[in-house]
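Trainee: I am new to this one. Could you take me through it step by step?

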Amino acid sequence: MDKPTFYQIRVKGHLDEALVSWFEGLIISNQEDGDALLTGPIQDQAALHGILNRISNLGLTLVSVNVVPKEDPEDKPEDDNEQPNLLV
C-alpha cells in the first residue's frame with residue numbers, strides 16, 4: 001500500500017475546536033494573518049478530495065493546497081514572524 005502524502009491546506013478564517021472532528025488526522029493551526037492551516041498525512045487523492053469537499057460544505061474559502069516534506073509536516077510559516085496557534 002502506498003504511503004500517505006503530507007499536505008498543508010490553507011483556508012481563509014480561523015477554525016474553532018468544534019471542527020477538529022471534520023478533519024481527523026490533520027493538525028489545525030490558526031495563523032496570525034487570519035488564515036488556518038490543516039497539515040498532515042492524506043492517504044490518497046480520494047481522501048484529499050473528501051477533505052476538499054468538507055471545506056466546501058463548511059463554506060470555507062480554500063487558499064492553497066501544498067505537499068510538504070514529511071520531515072516537517074507540522075507548519076512551516078511562510079513568514080518567519082508567523083507562529084502557529086495549535087488547536088489539537
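Trainee: How far does helix 1 reach from its first C-alpha to its last?
Mentor: This is a predicted model, in which local features need pLDDT of at least 70, side-chain atom pairs count only at pLDDT 80 or more, and totals for chains, interfaces and linings use all residues. Residues are numbered from 1 along each chain as its sequence is written, and side-chain values use heavy atoms, with hydrogens and water left out. Helix 1 has 13 residues; helices (H or I, at least four residues) and strands (E, at least two) are DSSP runs, numbered from the N terminus. The expected span is 1.5 Å times one less than the number of residues, here 18 Å, and the reach from first C-alpha to last is close to that, at 18 Å.

Trainee: Which residues of helix 1 are buried?
Mentor: Buried means under 20% relative accessible area, exposed over 50%, and partly exposed in between, with a 1.4 Å probe and protein chains only. By that cut-off, the buried residues of helix 1 are Leu48, Ile51 and Ile55.

Trainee: Within what arc do the buried residues of helix 1 fall?
Mentor: An α-helix has 3.6 residues a turn, so residues three or four places apart point the same way. The arc is taken from the directions from the helix axis to the C-beta atoms. Seen down the axis, the buried residues of helix 1 line one face, because they fall within an arc of 60°.

Trainee: Which exposed residues does the opposite face of helix 1 carry?
Mentor: The buried side of helix 1 is covered by elements including strand 1, strand 3 and strand 4 (62-67). The face turned away from that side carries the exposed residues Ala46 and Asn57.

Trainee: In what order do the elements run from the N terminus?
Mentor: The protein has one helix and five strands. Read from the N terminus on, the order is β-β-β-α-β-β.

Trainee: How many bridges join strand 1 to strand 3?
Mentor: Two strands pair if DSSP finds at least two bridges between them. Strand 1 and strand 3 run antiparallel, and glutamine 8 stands opposite threonine 39 in strand 3. The number of bridges joining these two strands is eight.

Trainee: Which residue in strand 3 is the bridge partner of asparagine 30?
Mentor: Strand 2 (residues 27-30) and strand 3 (residues 35-42) run antiparallel, joined by four bridges. They form a hairpin with four residues between them, and glycine 34 in the turn has a positive phi of about 95°. In strand 3, the partner of asparagine 30 is alanine 36.

Trainee: How many of the eight residues of strand 3 are buried?
Mentor: For the protein, 32% of its 88 residues count as buried. Strand 3 is largely enclosed by the rest of the structure, because the number of its eight residues that are buried is seven.

Trainee: What is the relative accessible area of isoleucine 51?
Mentor: Isoleucine 51 lies in helix 1. Not counting residues up to four places away in sequence, isoleucine 51 touches Ile9, Phe23, Leu26 and Ile42, where contact means heavy atoms within 4.5 Å. Isoleucine 51 is buried, with a relative accessible area of 8%.

Trainee: Is leucine 19 buried or exposed?
Mentor: Leucine 19 is found in the loop between strand 1 and strand 2. Leaving aside neighbours within four places in sequence, leucine 19 is in contact with Ile28 and Leu58. With a relative accessible area of 19%, leucine 19 is buried.

Trainee: And glutamate 24, is that residue buried or exposed?
Mentor: Glutamate 24 also lies in the loop between strand 1 and strand 2. With a relative accessible area of 73%, glutamate 24 is exposed.
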